[in-house]
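Visitor: Before we discuss terms, may I see the model?

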Amino acid sequence: MPKINNPSISTFGTPPFNINKIRADFPILNVQVEGKPLVYLDNAASAQMPQQVIDRLVRYQSSQHANIHRAVHYLSELATAEYDEARRKVQRFINAADEREVIFTSGTTEAINLVMHGYGRKFIGTGDEIIISTLEHHSNIVPWQMLAEERGAKIRVVPVNDVGELQLDAYMNLFNERTKFVSLIHVSNALGTINPVKKMIAYAHSHGVPVLVDGAQAVPHMKVDVQDLDCDFYAFSGHKLCGPTGIGILYGKAALLERMQPFKGGGDMILSVTFEKTTYNTIPYKFEAGTPPIAAAIGLGAALDYLSAIGMENIAAHEHALLQYATEQVSQIPGVRIVGTARDKASVLSFVMEHIHPHDVGTLLNQEGIAVRTGHHCAQPVMQRMGIPATSRASFAFYNTRAEVDALVAGIRMVQKVFA
Amino acid sequence: MANLKALYQEVILDHNKKPRNYGAVERASHHAEGHNPLCGDHLSITLAIADENIQNIAFNGESCAICKASASMMTVAVKGKSRADAEILIEEFLAMVTGKLDLNIPDQKEKLAHIGRLAVFAGVHDLPTRVKCAILPWHTLHAAFDSVPQGDNVEQVTTEADNDPMHLPVGNA
């Protein structure tokens, strides 16, 4: 297996992008698997955490922790200030107009469910239609199905072509006077397709229909500007951004958030409670019932600082070069087919091998220290559309190298040899 | 992992490439479908049982090498056996693959008296995410035994079902 830390073969990006310096920030990359250096290519499932974020979590827990928005003592005020600052870091990272438009959730899934309950259950009724796409992750399908079943509403699905691109003509044809909501994945977790959401949002708005964008796979790989997209809601997760698990973001336009009903009831989301009447708090607190994951929110803030220091443009450029190299290399292997070859793609290489099931591929690659995801990637409708039960998926982060792509290619050839 | 190399050994690869008893038994008396929803594996098992004896058995479906080889070797192992003997083998196989009984421990090995060539699957125990692949055919066979003979209703079994009487906590696939 090629050496990972050879500076001569890691030349993507322009200064200040220094791949060796970046790799040194991630202690987990020193882990050995089966006696071999870890080659972590499952970043679309969850990214790894740099020491800077780990240190921030330790510093919070060891010198700043108390409950927030509750007490007047020193630690509570400090924790509250750090938590609120984390919200402003998110606001700046996605260029939201107002920090009140940033709601902390447990992740993308909860963010989508919040909109389903808070907006959907209030404004969507019998016979109304919700548009989603074939590329959706289950977390952007099931909540809308639950709503549709409860309300007698209907789900309409944007089709994809054979290479995994949404068909925009068909999308536009789905709109009618009953269309009440659109919820779209920004970057497909299964295929890597980058969807033209800005264009799709503009079209939905021309019909007066609000749009939620599931950005779980987009925010880690490109500069996302919610005002430029003009999306009404944008959801993403902290742990795919080198932050902790259990924290995610729902961005929503203030005017919409204010019209919505709360999702969860409890402390912190109220202004006053009597047994006769409860007055809800203002946004964003209206949607943050109970004690939030304070440490995770602050950790996410630190992760955004870390990514911003490297620069999302540098990250995107490095990952794009890596994906291009991997695509070239893997497509040269006979008996291997790349699934999802959209013109516009981010960081995901899904593939199938002739006569070899993805689970066997994953188990054997693990023997070489290579971590890939195998299965349907929580996107069964995509798999059905592509006519396959499952794929193997290598997904890249900015700390991956060309040498790791070479290790993957060598691993795939080894798998073929075992099954020859 | 020594066991992993042992797992993808010749006999498993051979059964994966040339599965025995692949297809469907015509005029089957018993039938069940098995699913592993987490990986999309799907298996169909048909049987011809007369006088409590398995006269014929076949399987087909879409699955990984571990699952397919397990199904293939299972059909070879139970064909011609009594239903009661097959049930004993199901129990032994599940105990071995889930790690309840270890072939390397003499007094436990005694309780795996009928395992024979199926011992090649012992290494699956070290791969928690793959245990379900190996046991799906055996769950499905068990469900087929309980299916209504010659009925139109096909027994459905899944590795996820809480009400599956053979369900064992083996981690997520």
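Guide: A cavity is a set of points, on a 1 Å grid over the protein atoms alone, where a 1.4 Å probe fits but cannot get out; lining residues have an atom within 4 Å of a point. Grid points are joined across faces, edges and corners, and a volume is the space filled by probe spheres set on the points. This is a predicted model, in which local features need pLDDT of at least 70 and side-chain atom pairs count only at pLDDT 80 or more, whereas totals for chains, interfaces and linings use all residues. Residues are numbered from 1 along each chain as its sequence is written, chains are lettered from A in the order in which they are written, and side-chain values use heavy atoms, without hydrogens and water.

Visitor: How many cavities of 30 Å³ or more does the structure hold, and how much space lies in the largest cavity?

Guide: The structure holds 1 cavity of 30 Å³ or more. The largest cavity has about 50 Å³ of space. Its lining consists of A:Asn43, A:Ala47, A:Pro220, A:His221, A:Lys240, A:Cys242, A:Leu307, A:Glu319, A:Ala397 and A:Phe398.

Visitor: What makes the lining divide into nonpolar, polar and charged residues?

Guide: Ala, Val, Leu, Ile, Met, Phe, Trp, Tyr, Cys and Pro count as nonpolar, Asp, Glu, Lys and Arg as charged, and the others, Gly among them, as polar. By this rule the lining of the largest cavity has 6 nonpolar, 2 polar and 2 charged residues.

Visitor: Why is the largest cavity said to lie between domain 1 and domain 2 of chain A?

Guide: Domain bounds come from an automatic or database domain assignment, which gives domain 1 (7–30 + 312–419) and domain 2 (54–309) in chain A. Both domains give residues to the lining, so the largest cavity lies between them. The contact (heavy atoms within 4.5 Å) takes 33 residues from domain 1 of chain A and 30 residues from domain 2 of chain A.

Visitor: What is called a pocket, and how much space lies in the largest pocket?

Guide: A pocket is an open set of points with protein on both sides within 12 Å along at least five of seven lines. The largest pocket has about 680 Å³ of space. Its lining counts 30 residues, with A:Met353, A:Glu354, A:His355, A:Ile356 and A:His357 nearest the centre. By class, this lining has 15 nonpolar, 7 polar and 8 charged residues.

Visitor: Which element gives the most to the lining of the largest pocket?

Guide: Helices (H or I, at least four residues) and strands (E, at least two) are DSSP runs, numbered from the N terminus. Of these, α2(B) gives the most, with 5 residues.
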